[in-house]
Amino acid sequence: YQLDELQKDGVNAIIFQVRPECDALYNSPYEPWSRFLSGQQGKAPAPYWDPLAWMVDQCHQRNMELHAWINPYRAKTKGTTMLAVTHISQTHPERVFEYDGQYILNPGLAENREYICRVTADIVRRYDIDGLHIDDYFYPYPTPGKAIPDDATYRMNSNGIGNRDDWRRYNVNLFMKQLHDSISRIKPWVKFGVSPFGIYRNKKSSPMGSDTNGLQNYDDLYADVLLWINNGWVDYCVPQIYWQIGHPAADYETLIRWWDKHAGNRPL
């Protein structure tokens, strides 16, 4: 019913969440079924069905694209209390860190980048998706008074980068290029899209930033979105500009013009 309504309204692409916390709303050989589907992580839906396969089929019947949306690094949301024994945080606890009630796959570890790319490649290979989409969770959103526990990882894998912030950005950049390349190697027509937080940088942090005052992708999430766009590592960008025209800290009009100016000839 929702797809019929969206089709009637002229919608031509659906972005459908299939991996909220290193789990699956599809039949994955690597990760447990999502609790958001069956009520318990690791438990298959009964009667059995594969939501991603169903969505691909239904969207294509309506001449809509289906973009599978994954959360790359988040391994547990705050509200999740029980994890399946097959979950990555249980099989490889050393590759995950805890931050403010969440578990995060440590972006400083090459094996985590490889793991996410393997999970993604499986989706791209087995499902007739038109796009692969990621949202804005890279390093965790900062919580006042809480430091990201990556001292040991930085010591072991600094790659000679003397500034911790630069090193974190470097880790995410490596991942973005690797993910883009692994998708395009299998099916070059599958679009790779990202929905970054709505502010790249504020003017007070950088002369090329937007005239805004808020959390910043580059400085706070270690996500150098413009580098990815300018290097062609993402095919389209959907910044999360949820604020109204006239918002005192993050005005919609200011931001949409800023992103348009920096879109790098890629769909915005």
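1. Let's start with proline 51. Setting aside neighbours within four places in sequence, proline 51 is in contact with Phe16, Leu25, Trp33 and Leu37, where contact means heavy atoms within 4.5 Å. Proline 51 lies in helix α3; helices here are DSSP runs of H or I with at least four residues, strands are runs of E with at least two, and both are numbered from the N terminus. With a relative accessible area of 2%, proline 51 is buried (buried means under 20% relative accessible area, exposed over 50% and partly exposed in between, with a 1.4 Å probe and protein chains only). From proline 51 to arginine 113 there are 62 residues in sequence and 26 Å in space, C-alpha to C-alpha.

2. A word on the basis of this note. The model is predicted, so local features need pLDDT of at least 70 and side-chain atom pairs count only at pLDDT 80 or more, while totals for chains, interfaces and linings use all residues. Residues are numbered from 1 along each chain as its sequence is written, and side-chain values use heavy atoms, with hydrogens and water left out.

3. Next, the parallel sheet. This open sheet has five strands in the order β1-β2-β6-β7-β8, with parallel pairing; two strands pair if DSSP finds at least two bridges between them. β1 and β8 (236–237) are the edge strands, each with a single partner, so one side of each has no neighbour in the sheet. At the β8 end, β7 (residues 191–194) pairs with β8 in the parallel sense over two bridges, and glycine 193 has tyrosine 236 of β8 as its bridge partner. Helix α7 packs on the sheet and touches β6 (131–134) and β7. The direction of α7 makes about 150° with that of β7; axes are lines fitted to C-alpha atoms, for helices over the stretch in contact, and angles run from 0 to 180 degrees between N-to-C directions.

4. How is strand β1 placed, buried or exposed? Five of the seven residues of β1 (residues 13–19) are buried, so this strand is largely enclosed by the rest of the structure. Six bridges link β1 to β2 (residues 65–70), and the two strands run parallel. Phenylalanine 16 has alanine 68 of β2 as its bridge partner, and Phe16 is also among the contacts of proline 51.

5. The other sheet is antiparallel. It is open, with three strands in the order β3-β5-β4. β3 (74–76) and β4 (96–99) are at the edges with a single partner strand each, so one side of each is left without a neighbour in the sheet. Direction ignored, neighbouring strands of this sheet are turned by 35° against each other on average. β4 and β5 (residues 102–105) run antiparallel and are joined by four bridges, with isoleucine 104 of β5 as the bridge partner of phenylalanine 97.

6. The helix pair α5 and α7 deserves a look. Helix α5 (residues 110–126) packs with helix α7 (residues 164–186) at an angle of about 25°, their axes being 9 Å apart. That makes α5 roughly parallel to α7 (angles under 35 degrees count as roughly parallel, over 145 as roughly antiparallel, 65 to 115 as roughly perpendicular and the rest as oblique). The contact includes Ile116, Cys117 and Val124 of α5, and Leu174, Phe175 and Leu179 of α7. The residues of this contact divide into nine nonpolar, four polar and three charged; Ala, Val, Leu, Ile, Met, Phe, Trp, Tyr, Cys and Pro count as nonpolar, Asp, Glu, Lys and Arg as charged, and the others, Gly among them, as polar.

7. Valine 119 also belongs to helix α5. Valine 119 is buried, with a relative accessible area of 1%. Not counting residues up to four places away in sequence, valine 119 touches Arg19, Tyr26, Tyr30 and Glu31. Valine 119 and glycine 108 are 11 residues apart along the chain, with their C-alpha atoms separated by 18 Å.

8. Finally, some backbone details to check by eye. The peptide bond from alanine 46 to proline 47 is cis, with omega near -5°, and proline 47 is in the loop between α2 (35–38) and α3 (51–61). Asparagine 159 is not a glycine, yet has a positive phi of about 55°; this residue is in the loop between α6 (151–157) and α7 and counts as exposed at 54% relative accessibility. Asparagine 265, also not a glycine, has a positive phi of about 60°. Asparagine 265 lies in the segment after α10 (252–261) and is exposed at 85% relative accessibility.
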